[in-house]
Amino acid sequence: MVFSFLSSKISIELEGNRAEYKPGEALKGKVKLHTFGKVDARKFHVVLCCAEWMSGHKSDNEEEAKEVPLWKKDFVLGEKGTYRAGEWDFEFKVPPESIPTIACEPCNKFCQKGAGVKWFLHAQMDVPSSLDLHAYKQVFVY
């Protein structure tokens with residue numbers, strides 16, 4: 001379906017609605033496809049990523065952001081095919097020697113100014129001749 005992005009979306013749901021994990025712990029969840037019809041895709045996957053980020057300021061008051069991937073692992077939910085509304089389970093093991101999340105302010109985990117290390121899930125459905133479907137979910141490793 002060429003215009004599937006108009007009526008379709010994906011979301012990430014973590015088991016137990018958790019957001020915090022310890023190194024070596026299992027991170028389980030599901031990616032949900034919400035659609036009224038069908039979606040033709042070349043690939044459907046979710047990735048667990050760790051990235052170092054920095055958000056500074058340029059001299060002309062424009063923010064300059066930089067993100068450097070430190071680690072990532074891909075989990076294939078499906079290959080090329082036609083998808084209908086549903087759920088796909090995934091499971092990652094947080095690496096035992098993981099770098100912990102470093103937020104800019106201990107009292108505000110969602111702050112995006114300064115520098116630090118963040119962990120997040122990125123689900124993507126690669127839709128040919130259309131906009132890809134994406135979902136992001138931040139997780140915290142301590």
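**Reading aromatic pairs, core and loops**

Guide: Phe-44 and Tyr-83 are both buried, that is, under 20% relative accessible area with a 1.4 Å probe on protein chains only; exposed is over 50%, and partly exposed is in between. The model is predicted: local features need pLDDT of at least 70 and side-chain atom pairs pLDDT 80 or more, whereas totals for chains, interfaces and linings use all residues. Residues are numbered from 1 along each chain as its sequence is written, and side-chain values use heavy atoms, without hydrogens and water.

Visitor: What is the mean pLDDT of the protein chain?

Guide: pLDDT is the predictor's confidence in each residue, from 0 to 100. The protein chain has a mean pLDDT of 88, and 83% of its residues reach 70 or more. Residues 1-5 fall below 50 in pLDDT; beyond near neighbours in sequence, this stretch still has 11 contacts in the model, a contact being heavy atoms within 4.5 Å.

Visitor: How many helices and strands are there in the protein chain?

Guide: Both are DSSP runs numbered from the N terminus: helices are H or I of at least four residues, strands E of at least two. The protein chain has zero helices and 10 strands, and from the N terminus on its elements read β-β-β-β-β-β-β-β-β-β. Of contacts between residues at least 6 apart in sequence, 68% join residues at least 24 apart. Buried residues account for 37% of the 142 residues in the protein chain.

Visitor: How many aromatic pairs does a search of the whole structure find?

Guide: A pair of rings is described by the distance of the centres and the angle of the planes. Rings of Phe, Tyr and Trp (its six-membered ring) pair with centres within 6.5 Å; planes under 30 degrees apart are stacked, over 60 edge-to-face, the rest tilted. The search of the whole structure gives seven aromatic pairs. For Phe-44 and Tyr-83, the ring centres are 5.4 Å apart and the planes stand at 70 degrees, so this pair is edge-to-face. Phe-44 belongs to strand S5 (residues 43-57) and Tyr-83 to strand S7 (residues 81-83); the pair links distant parts of the chain, 39 residues apart. Phe-44, Tyr-83 and Trp-88 together form one aromatic cluster.

Visitor: Which residues have the most contacts inside the largest nonpolar core?

Guide: In soluble globular proteins, nonpolar side chains tend to be buried together. A nonpolar core is a set of buried Ala, Val, Leu, Ile, Met, Phe, Trp, Tyr and Cys residues joined through side-chain atoms within 4.5 Å. The largest one here has 29 residues, and those with the most contacts inside it are Leu-27, Val-31, Phe-90, Leu-121 and Met-125. At least two core residues each come from S1, strand S3 (26-34), strand S4 (39-41), S5, S8, strand S9 (114-126) and strand S10 (133-141). S9 supplies the largest share, five residues. Leaving aside neighbours within four places in sequence, Met-125 is in contact with residues including Ile-10, Leu-33, Val-39 and Ala-41. The contacts of Met-125 also include Phe-44 and Tyr-83, the edge-to-face pair discussed above.

Visitor: Which residues does Ala-123 touch?

Guide: Ala-123 is placed in strand S9 and is buried, at a relative accessible area of 0%. Not counting residues up to four places away in sequence, Ala-123 touches Ile-10, Ile-12, Val-31, His-45, Val-46, Leu-133, His-134 and Ala-135. Although Ala-123 and Val-46 are 77 residues apart in sequence, their C-alpha atoms are 4.0 Å apart in space.

Visitor: Where is Ser-8 found, and is it buried or exposed?

Guide: Ser-8 is in the segment before strand S1 (9-14). Ser-8 is buried, with a relative accessible area of 7%. Apart from neighbours within four places in sequence, Ser-8 is in contact with His-34, Thr-35, Val-39 and Leu-133.

Visitor: What is the phi of Asn-17, and what is that of Ser-129?

Guide: Most residues other than glycine have a negative phi. Asn-17 has a positive phi, near 50 degrees, without being a glycine. Asn-17 lies in the loop between S1 and strand S2 (20-21) and, at 68% relative accessibility, counts as exposed. Ser-129, also not a glycine, has a positive phi of about 60 degrees. Ser-129 is in the loop between S9 and S10 and is exposed, with a relative accessible area of 65%.
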